[in-house]
Protein chains: 2
Amino acid sequence: MKKIKTKQKITLVDVAKEAGVSAITVSRTIRSPHMVSPKAREKVEAAVDALGYVPDAAASALASNRTDVIGLLIPSLTNSVFAEVLRGMYDEIEGTPYSIQIGNYRYSPLTEEKLIRTFLCQKPAGLIVAGLDQTETSRKLLMEASCPIVQIMEFDKGPVDSMIGFSHFEAGAAATRHLIEQGYERIGFLGARMDPRSQRRLAGFRQELKSRGSLSAERTVTTPEASSVGLGAELLRELLVRAPDTDAIFCNNDDLAIGALLEAQRRGIRIPEDFGICGFNDLEISKQLNPGLTSVATPRYRIGGAAIKTIVRSLETDSVTARKRLDLGFEVIPRGSSILNLERKNAQS
Amino acid sequence: MKKIKTKQKITLVDVAKEAGVSAITVSRTIRSPHMVSPKAREKVEAAVDALGYVPDAAASALASNRTDVIGLLIPSLTNSVFAEVLRGMYDEIEGTPYSIQIGNYRYSPLTEEKLIRTFLCQKPAGLIVAGLDQTETSRKLLMEASCPIVQIMEFDKGPVDSMIGFSHFEAGAAATRHLIEQGYERIGFLGARMDPRSQRRLAGFRQELKSRGSLSAERTVTTPEASSVGLGAELLRELLVRAPDTDAIFCNNDDLAIGALLEAQRRGIRIPEDFGICGFNDLEISKQLNPGLTSVATPRYRIGGAAIKTIVRSLETDSVTARKRLDLGFEVIPRGSSILNLERKNAQS
DNA sequence: CTGTTAGCGCATTCAG
DNA sequence: CTGAATGCGCTAACAG
């Protein structure tokens with residue numbers, strides 16, 4: 001059976017004919033209008049409108065050996081953290097010709113490696129990956145890639161190309177110091193999933209306590225499960241069985257912290273008098289709780305925006321100058337769940 | 001400066017030579033192995049490994065006039081609802097050759113139209129759009145599209161192609177009935193953003209009250225702003241100024257409901273005795289609150305999975321048989337924030 | 001089951 | 001600033 005082409009595809013050549021110029025002029029008018037005389041541009045634009053021409057992305061990609069797709073590799077979609085990062089990215093990408101394609105590697109470095117391969121085959125405009133813990137092969141693939149690469153969420157030495165984030169170790173340490181400064185003495189840690197970034201926050205927590213001689217192994221309760229509010233409640237129960245005299249906790253993230261706070265309230269534990277809580281990420285809800293949840297604000301939204309901006313700039317300037325090494329920092333936000341002694345705190349600062 | 005090609009690109013032809021077959025056989029071995037003799041397949045696979053061949057997606061797209069990209073158009077990334085939908089999609093797409101590309105149209109139908117255009121030009125494997133409220137032009141574009149289209153989140157008459165969701169009108173009505181059945185009499189509505197789906201929930205709320213003669217305009221408080229927990233608190237304050245005798249609320253979503261619940265508690269309003277609250281979406285945190293938040297559970301995760309499954313099946317069977325009209329329903333989950341009279345409820349049911 | 005032939009629509013040369 | 005020629009790497013449509 002013969003295929004009946006209802007609407008013949010309109011190509012560059014058709015537009016060129018209509019406009020009385022050559023195909024390449026049409027191509028240039030679309031990609032880089034400043035390289036075309038205003039007169040020609042007008043004619044071409046009229047023809048494009050008249051014919052309803054739309055460029056063929058695949059043909060363009062094949063001929064130019066590149067696409068307008070920015071690949072993004074993230075370990076999880078459950079994680080509320082990445083929702084904010086995504087938002088920053090989509091806000092920043094608005095108005096550019098680029099689009100984002102997400103790959104979810106579910107915290108599996110091998111899946112990540114496979115996805116890096118897949119993405120690189122598509123000649124992406126850029127690639128954004130989370131963290132520093134790629135496999136050896138992944139790192140090599142990224143280093144050899146001919147597009148800008150941005151590692152996000154963390155900040156450390158030895159980036160593949162650009163790196164935008166903050167130090168999770170320092171953040172964990174800072175949160176812990178905050179609890180210590182508030183006078184808490186037997187501080188525990190609640191953690192779920194324990195991906196590399198969580199591990200580093202835990203390491204910061206540990207160092208801070210160890211240097212003060214108050215680290216106690218049974219006060220660290222973690223699970224490989226994914227974080228959730230319900231899990232925070234469970235982990236608190238577990239902690240209070242293992243170490244009932246614990247008087248404060250640093251939680252891996254706000255989901256767990258909120259769950260712990262609500263569970264503590266169900267148990268009649270007074271917060272912050274009997275028990276202090278510090279979360280991580282500073283979700284919007286955290287400040288609304290009663291009492292407000294002390295947390296560590298992280299620049300998730302800005303990380304997303306900066307990552308896209310870095311790639312777009314690399315592409316525009318076509319140089320290594322655009323490479324970024326950005327430590328966007330973090331901030332401990334003290335709230336009711338840990339401020340034991342407000343007067344003393346004020347006097348100190 | 002001359003570009004140094006460190007590694008010559010490996011093509012199908014290279015693999016074909018290495019394997020001693022023709023290029024098309026290699027192509028088939030990769031796309032549809034069952035059409036190739038086991039002997040040839042082995043040789044090809046060996047050659048692919050040996051040379052480290054990776055197919056060129058752009059060339060494939062150009063030649064075959066299609067891609068493996070499924071386009072997804074959503075109105076917002078802030079919305080916690082879509083995070084779940086996305087999760088369902090990525091879980092379902094795992095193991096298929098397809099990938100997802102997200103377009104965010106920020107609740108602007110015109111932007112949506114533009115994105116539909118952009119996506120369709122890329123010959124997507126399928127397109128997923130939210131809701132029923134596309135512009136006339138958008139609808140036409142979708143109807144003319146040569147790929148499977150799935151409208152998600154809502155269920156109603158007149159789908160473009162497939163449709164997977166539930167009735168927001170019915171859900172709003174059911175939530176309202178629940179509050180009425182619990183004995184609340186002066187029920188208000190808190191809403192933010194008020195996108196089309198929120199509007200339909202509000203319509204369901206209104207109808208339910210009107211039919212009982214207890215609809216009161218000043219008890220409906222809405223804002224065009226995006227939802228947040230903080231906003232829920234604000235809207236409750238506003239409502240209590242406008243109509244202080246209100247004794248229950250149906251909130252547009254759980255974020256608002258949580259904010260309202262926490263604000264009510266700060267004000268010493270007893271929940272559910274003085275004031276009942278029903279949210280929408282049943283976020284994970286809702287059941288953890290004290291008291292638990294009554295909410296309407298929506299099949300977000302399943303919607304995402306079903307949408308992808310529908311597209312993949314359409315592509316596989318290459319027929320209209322795979323078209324789906326799925327009402328996935330919803331469920332009111334009664335919890336402490338609205339169960340005034342447990343005995344009566346049990347007696348009734 | 002396999003191979004041959006002929007483009008897909010555009011962008012990259014390089015010349016004018 | 002503009003144009004002509006060429007091919008990117010793959011797959012559709014046949015024929016064997």
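1. Leaving aside neighbours within four places in sequence, B:Met89 contacts B:Leu72, B:Ile100, B:Ile128, B:Ile152, B:Gly304, B:Gly305, B:Ala307 and B:Ile308. These contacts, like every value below, come from a predicted model.

2. The largest nonpolar core has 117 residues, and B:Met89 is one of the members that touch the most others.

3. Helix H6 of chain A covers residues 109–121. Its 13 residues should span 18 Å at 1.5 Å a residue, and the C-alpha atoms at its ends do lie 18 Å apart, so expectation and model agree. After H6(A) comes A:Lys123, which has a positive phi, near 50°.

4. Which residues of H6(A) are buried? They are A:Glu112, A:Glu113, A:Leu115, A:Ile116, A:Phe119 and A:Cys121. Within chain A, these buried residues pack against strands S1 (69–74), S2 (99–104) and S3 (126–130) and against helix H7 (136–144). Helix H4 (57–64) of chain B is also among their packing partners.

5. In chain B, four strands form an open sheet in the order S7-S6-S8-S9, with parallel pairing. Strands S7 (220–223) and S9 (276–278) each have a single partner strand and stand at the edges, so one side of each lacks a neighbour in the sheet. Direction ignored, neighbouring strands are turned by 15° against each other on average.

6. Strands S6 (residues 187–192) and S8 (residues 248–251) of chain B run parallel and are joined by 4 bridges. B:Ile187 has B:Ala248 as its bridge partner in S8(B).

7. Two helices of chain B may be described against this sheet. Helix H9 (residues 196–210) lies across S6, S7 and S8 and runs at about 170° to S6(B). Helix H11 (residues 254–266) packs on the sheet, where it touches S6, S8 and S9, and its direction makes about 125° with that of S6(B).

8. The count of disulfides over all chains is 0. For A:Cys147, the nearest cysteine sulfur belongs to A:Cys121 and is 11 Å away; A:Cys147 is buried, with a relative accessible area of 11%. For A:Cys278, the nearest cysteine sulfur is that of A:Cys251, 8.0 Å away. A:Cys278 is likewise buried, at a relative accessible area of 0%.

How values were computed: Residues are numbered from 1 along each chain as its sequence is written. Chains are lettered from A and ligands numbered from 1 in the order in which they are written. This is a predicted model: local features need pLDDT of at least 70, side-chain atom pairs count only at pLDDT 80 or more; totals for chains, interfaces and linings use all residues. Side-chain values use heavy atoms; hydrogens and water are left out. The expected span of a helix is 1.5 Å times one less than its number of residues. Buried means under 20% relative accessible area, exposed over 50%, partly exposed in between (1.4 Å probe, protein chains only). Contact means heavy atoms within 4.5 Å. A nonpolar core is a set of buried Ala, Val, Leu, Ile, Met, Phe, Trp, Tyr and Cys residues joined through side-chain atoms within 4.5 Å. Two strands pair if DSSP finds at least two bridges between them. Axes are lines fitted to C-alpha atoms, for helices over the stretch in contact, and angles run from 0 to 180 degrees between N-to-C directions. A disulfide is a pair of cysteine sulfur atoms within 2.5 Å.
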